[in-house]
Amino acid sequence: MKIAFIEPTIANVEPLGIAYLTQILLNDGHTVAYFELPRKDLIKRLKKFNPDVLAYSVTTGKHRLCRELNILLRKEIKAISLFGGPHCTFYPEFIESSPLIDGICRGEGEFAVSELLKKIENGEDYTKTNNWWLRVNGKIYKNPVRNKIEDLDVLPFPNRDIIYAENMELRKTPIKRIMASRGCPFNCSYCFNKPYNSLYAGKGNVNHHRSSSNIIEELKIIKKKYPFTFLKIVDDTFGLNMDYEEFAKLYQKEIDTMLSELLQDIGGSISDLFGDKWDNDDPLARDVMNQNLLAWFGFEETATHLM
């Protein structure tokens, strides 16, 4: 099948979710392309690609734009329309807002989209595919989420080339983003992780971390293929279950020395940053909260007393 991922704006950061899904689908034998709306001749290029699936990764606030764009594209292109991302995870009833939304994916999408498209391609009944709310012959089928992906190392590395083919500026930037872990065990009332953990209650551990060697292998590919001087880790709780010494040594050997020196210096206290032993009087902990270091890791500065 041919899958076209559609982004209604010019992305200013790498859409890692789409990049992960792309490589999963390529491994399944599908053909995948990525398109950004403001680029020239979008509809003409889409028609030439002739997709079987129009796919959208949707955040709240962008959901209406994606829906209206889908309505426009479906007038020109015969395809099914699948939506996923944060908005769909928490507001799956979004499927009811347009008869041209054929499917809503909730939660982790890698294995969910792989299973769905295999069933569609093979002519099988797909109405009971976990993670999906599906519109079939006018009826909406609502399915629960599957278990969480326990071993993140089984996922292929995100396909950045498919993104850079449409957005060369993202390739040129020396800032590259990776995901090293998923999940957060804290229960902050203002954060999406609280309802997300409720959605996945009984479906696996809250937090999962990639192995150090797996992370380094991805970084080696990035370093070899693209401009790369600044690493941004986009995790909710980076390092929660991490062997800092192992990661520091591998990073120093394979990638760079700066991060390894930082980790060796602060390793004894950085774990406290994410655990229940946070100590505001610990000078090393205060050093970790330094804005420059937070920016290096890609953390968000937070008021710890609100957690």
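Modeller: Helices (H or I, at least four residues) and strands (E, at least two) are DSSP runs, numbered from the N terminus. This is a predicted model, in which local features need pLDDT of at least 70 and side-chain atom pairs count only at pLDDT 80 or more, while totals for chains, interfaces and linings use all residues. Residues are numbered from 1 along each chain as its sequence is written, and side-chain values use heavy atoms, with hydrogens and water left out.

Colleague: How many helices and how many strands are in the protein chain?
Modeller: The count takes in the DSSP runs just defined. For the protein chain it gives 13 helices and 11 strands.

Colleague: What percentage of the residues in the protein chain is buried?
Modeller: Buried means under 20% relative accessible area, exposed over 50%, and partly exposed in between (1.4 Å probe, protein chains only). Among the 307 residues of the protein chain, the buried share is 50%.

Colleague: Among contacts between residues at least 6 apart in sequence, what percentage joins residues at least 24 apart?
Modeller: A contact means heavy atoms within 4.5 Å. For the protein chain, the percentage is 70%.

Colleague: Is Glu 166 buried or exposed?
Modeller: Glu 166 is in the loop between helix 6 (161-164) and helix 7 (168-172). Leaving out residues up to four places away in sequence, Glu 166 touches Tyr 34, Phe 35, Glu 36, Arg 39 and Arg 45. Because its relative accessible area is 12%, Glu 166 counts as buried.

Colleague: What is the C-alpha to C-alpha distance between Glu 166 and Arg 39?
Modeller: Arg 39 is one of the residues that Glu 166 touches. The two are 127 residues apart in sequence, and their C-alpha distance is 8.3 Å.

Colleague: Which residues does Asp 235 touch, not counting those up to four places away in sequence?
Modeller: Asp 235 sits in the loop between strand 11 (230-233) and helix 10 (244-254). It is buried, at a relative accessible area of 7%. Its C-alpha atom is 5.8 Å from that of Met 179, 56 residues away along the chain. The residues touched are Ile 178, Met 179, Ala 180 and Ser 181.

Colleague: How does Asp 236 count by accessibility, and what is its value?
Modeller: Asp 236 lies in the loop between strand 11 and helix 10, and it touches Gly 183, Cys 184, Phe 192 and Asn 193, not counting residues up to four places away in sequence. Its C-alpha atom and that of Arg 182, 54 residues apart along the chain, are separated by 7.0 Å. Asp 236 is partly exposed because its relative accessibility is 40%.

Colleague: What is the phi of Asn 50?
Modeller: Most residues other than glycine have a negative phi, and most peptide bonds are trans. Asn 50, in the loop between helix 2 (42-49) and strand 3 (53-57), counts as partly exposed at 48% relative accessibility. Although it is not a glycine, Asn 50 has a positive phi of about 60°.

Colleague: In which loop is Asp 41 found?
Modeller: Asp 41 is not a glycine, yet has a positive phi of about 60°. At 39% relative accessibility, it counts as partly exposed. Asp 41 is found in the loop between strand 2 and helix 2.

Colleague: Which residue in strand 4 stands opposite Tyr 56?
Modeller: Two strands pair if DSSP finds at least two bridges between them. Strand 3 and strand 4 run parallel and are joined by five bridges. In strand 4 (residues 80-84), four of the five residues are buried. Opposite Tyr 56 stands Phe 83.

Colleague: Which residue in the turn between strand 6 and strand 7 has a positive phi?
Modeller: Strand 6 (residues 132-136) and strand 7 (residues 139-142) are antiparallel and pair over four bridges. Within this pairing, Arg 135 stands opposite Ile 140. The two strands form a hairpin with two residues between them, and the turn residue with a positive phi, of about 55°, is Asn 137.

Colleague: What is the volume of the largest cavity?
Modeller: A cavity is a set of points, on a 1 Å grid over the protein atoms alone, where a 1.4 Å probe fits but cannot get out; lining residues have an atom within 4 Å of a point. A volume is the space filled by probe spheres set on the points, which are joined across faces, edges and corners. The lining of the largest cavity includes Glu 108, Phe 111, Arg 146 and Tyr 200. Its volume is about 40 Å³.

Technical notes. 1 Å grid on protein atoms, 1.4 Å probe; cavity = no way out; pocket = protein on both sides within 12 Å on 5 of 7 lines; lining within 4 Å.
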